[in-house]
Amino acid sequence: FKGFAMKKIGETGWVEKEVPKCGPMDAIIKPTCVSPCTSDIHTVWEGAIGERTDMILGHEAVGEVVEVGSLVTKFSPGDKVIVPAITPDWDDEAAQRGFPSQTTEPLGGWKFSNFKDGVFGERFHVNMADGNLAHLPEGLSDEGACMLVDMWSTGMMGSENADIPLGGTVLVIGIGAVGLSAIAGAKLLGASKIFAAGTRPISVKVAKEYGATDIINYKEGTIDEQVRDLTNGEGVDSVIIAGGNLENTWKEAISSAKAGGTVSNVNYLSGADNVFIPRVEWGCGMSNINIKNGLCPGGAVRMERLAALALVGRQDPELLVTHKFRGLEKIEDALYLMKEKPKDLIKPVVLLDLD
Ligand code: NAD
Ligand code: ZN
């Protein structure tokens, strides 16, 4: 079958592959909707996870089951499924300790377009199908569901990790699809004021629809100074980092938090070897400002819960979709659009009608 791959760091192209073997607990899927992730850009053009050769890209997909292993009980060929970006090994010790995204090794739950071929092909393989796939419910579109598998799951984890007190104040730095999902999560978790630092007009519009109460333009002065101005000098209870850079963002995040607050990172750090934590603003290491982080949660239950939020109308995942393509060959255009990030883009999707 055909797939769109990272040929090596800095180079992409189409490749031909054999359909992978379906183990007894696994499934083979035919995608019906896929979306490129900013992480695919870090992977190819920044070499952020190291060299990869002819590895099919992509980890955001909704699809149809083509084949299941003999031990799979919950899915059959023809079922429409939501495929989480992260597909943990649920029997691994890290899963038993409560960190399924880190099974087998750090970030080991992230398999598609990391350790094995991703979802940008005519077929792909899913490990532990019963634990990792969710049935696509009636009432949720392919493109809406495709926004849950990584964007909502990651962004909302950012707000879950941020220990937002009921009625507490939140700052979200970076309002691409992940930061916007963090805003949605912060609202659902009971935040009062939600400050969103970003500039793209389309993102600002969706930020307000998802629950941002104040927009901060990080190009008009440091974020922490603007947050202090807007909070009578107090700062916020929780900060979520979903964008920015290694030179300024961590300083701005820590400097925006109240003593006892939490800084929660979901950004994929790249571009330098060290993260800069400001000593004085961090209370010389004694401010009780916690720093948390995590990889997108995967698995069936997570997907079912996110789908449930969408289905009852708490938030609309389709607001993140700004560009729609049709046909396998358009995956290349969608990825390059994600790389260029035009001002009117949040997320592109590619709808597929494969044999
Ligand atoms: P994005 O590029 O669409 O959004 C980031 C935003 O940050 C952009 O709008 C950009 O303009 C803005 N920005 C740039 N410099 C800034 C600054 N100095 N201050 C504030 N904002 C600034 O990306 P995205 O798709 O929303 O993803 C965000 C990050 O999350 C990426 O690094 C991505 O790789 C990562 N990610 C992590 C996980 C995970 O599991 N932890 C999962 C998916 C994505
Ligand atoms: Zn991703």
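Biologist: Which residue just after α11 takes a positive phi?

Modeller: This is a predicted model, in which local features need pLDDT of at least 70, side-chain atom pairs count only at pLDDT 80 or more, and totals for chains, interfaces and linings use all residues. Residues are numbered from 1 along each chain as its sequence is written, chains are lettered from A and ligands numbered from 1 in the order in which they are written, and side-chain values use heavy atoms, with hydrogens and water left out. Helices (H or I, at least four residues) and strands (E, at least two) are DSSP runs, numbered from the N terminus. Just after α11, a positive phi of about 45° is taken by Lys341.

Biologist: Which residues coordinate the zinc ion (ligand 2)?

Modeller: Donors are N, O and S atoms within 2.8 Å of the metal (3.2 Å for Na, K and Ca), and because water is not among the atoms, sites may look incomplete. The donor residues follow the spacing C-x21-H-x90-D in sequence. At 1.9 to 2.3 Å, the zinc ion (ligand 2) is coordinated by Cys37 (SG), His59 (NE2) and Asp150 (OD).

Biologist: How many residues apart in sequence are the parts that Cys37 and Asp150 tie together?

Modeller: Both Cys37 and Asp150 are buried, where buried means under 20% relative accessible area, exposed over 50% and partly exposed in between (1.4 Å probe, protein chains only). Cys37 lies in the loop between β3 and α1, whereas Asp150 belongs to helix α5 (residues 148–161), so the pair ties together parts that are 113 residues apart in sequence.

Biologist: How many disulfides are in the whole structure?

Modeller: A disulfide is a pair of cysteine sulfur atoms within 2.5 Å. The sulfur of Cys146 has its closest cysteine sulfur in Cys33, at 4.0 Å, too far for a bond. Searching the whole structure gives a count of zero.
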